[in-house]
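Below is a short briefing on one protein model, for a reader who works with coordinates. Please look over the sequence and the structure first.

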Amino acid sequence: MPTPEFVLTLRKKIGHDLLWLMGVSGYVEDVQGRVLLGRRSDTGEWAMVYGINEPGEEPADTVAREVKEETGVDVIVTDLVSVKSSRKILTYANGDNTMYMDHLFICKPDPDGNTEPFVGDEESLNVGWFSPDALPEPLAASTVERMGYVREYLRNKAKGDAHAQFAFQGAIH
């Protein structure tokens, strides 16, 4: 899905000024341990699925919707890995400036839904399942970073500590 309508409406009022948005990212892993990635049409990089929350939409619902729209895969959201605020201002080709609060979720394919990926919209050039040991290149830096958060979360969860990661007073918790 292209830029959400509510963002376009805001842009008519604020122009290219900085806009703070709530975002989601989905780490989708199948039963074989493969990760679902899409090659983005805007950067050409391979990345996890990510997107913008619509007003009033639950973040977990957003990630499931975005995965379905971009890859055709139906997912079940299982874990909240992290809530992180980006300090980086993204400037898009049209001049729009944004920053994001990202909610990173672990998802698994819904066995009662579609599990075969296909390019679902104009945001992706290609989509597929990949072994974590054979990820495609170029891989988006944000995906590399988020995969690190997932690994840390899963290590902690295996030790009995499944709390989501977040920053508080400059330290990661």
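Predicted model: local features only at pLDDT ≥ 70, side-chain atom pairs only at ≥ 80, totals over all residues.

Residues are numbered from 1 along each chain as its sequence is written, and side-chain values use heavy atoms, with hydrogens and water left out.

**Annotated region**

- An unreviewed UniProt entry carries the annotation "domain: Nudix hydrolase" for residues 19-152; positions are given in the numbering used here, the feature name is shortened, and such annotations may be inferred rather than shown by experiment.
- Residues 19-152 are 19% helix and 41% strand, with the end C-alpha atoms 30 Å apart. Helices (H or I, at least four residues) and strands (E, at least two) are DSSP runs, numbered from the N terminus.

**The sheet β3-β2-β8**

- Three strands form an open sheet in the order β3-β2-β8, with antiparallel pairing. β3 and β8 are at the edges with a single partner strand each, so one side of each lacks a neighbour in the sheet. Two strands pair if DSSP finds at least two bridges between them.
- Six bridges connect β2 and β8 in the antiparallel sense. Across this pairing, G38 faces V127 in β8, and R39 stands opposite N126 in β8.
- On the β3 side, two bridges join β2 to β3 (residues 46-47), and the bridge partner of R39 there is W46.
- The hairpin of β2 and β3 has five residues between the strands, and G44 in this hairpin takes a positive phi near 80°.
- Five of the six residues of β2 are buried, so the strand is largely enclosed by the rest of the structure. Buried means under 20% relative accessible area, exposed over 50%, and partly exposed in between (1.4 Å probe, protein chains only).
- S124 belongs to strand β8 (residues 124-130) and is buried at 9% relative accessibility. Leaving out residues up to four places away in sequence, S124 touches R39, S41, E70 and V119; contact means heavy atoms within 4.5 Å.

**Helix α2**

- α2 (residues 59-71) has 13 residues and spans 18 Å from first to last C-alpha, close to the 18 Å expected at 1.5 Å a residue. The expected span is 1.5 Å times one less than the number of residues.
- Its buried residues are T62, V63, R65, E66, V67, E70 and T71. The buried residues of α2 pack against β1 (18-28), β2 (35-40), β4 (49-52), β5 (75-85), β7 (97-109) and β8.
- Just after α2, G72 has a positive phi of about 80°.

**Rings and charges**

- One aromatic pair is present. The ring centres of W46 and F130 lie 5.0 Å apart with the planes at 75°, so the pair is edge-to-face. The pair links distant parts of the chain, with W46 in β3 and F130 in β8, 84 residues apart.
- Rings of Phe, Tyr and Trp (its six-membered ring) pair if their centres lie within 6.5 Å; planes under 30 degrees apart count as stacked, over 60 as edge-to-face and the rest as tilted.
- W46 is buried at a relative accessible area of 6%, and F130 is buried at 18%.
- The charged end of K84 sits over the ring of Y149, 4.4 Å from its centre. R146 lies over the face of Y50, 5.8 Å from the ring centre.
- A charge sits over a ring if NZ of Lys or CZ of Arg is within 6 Å of the ring centre and within 35 degrees of the ring normal.
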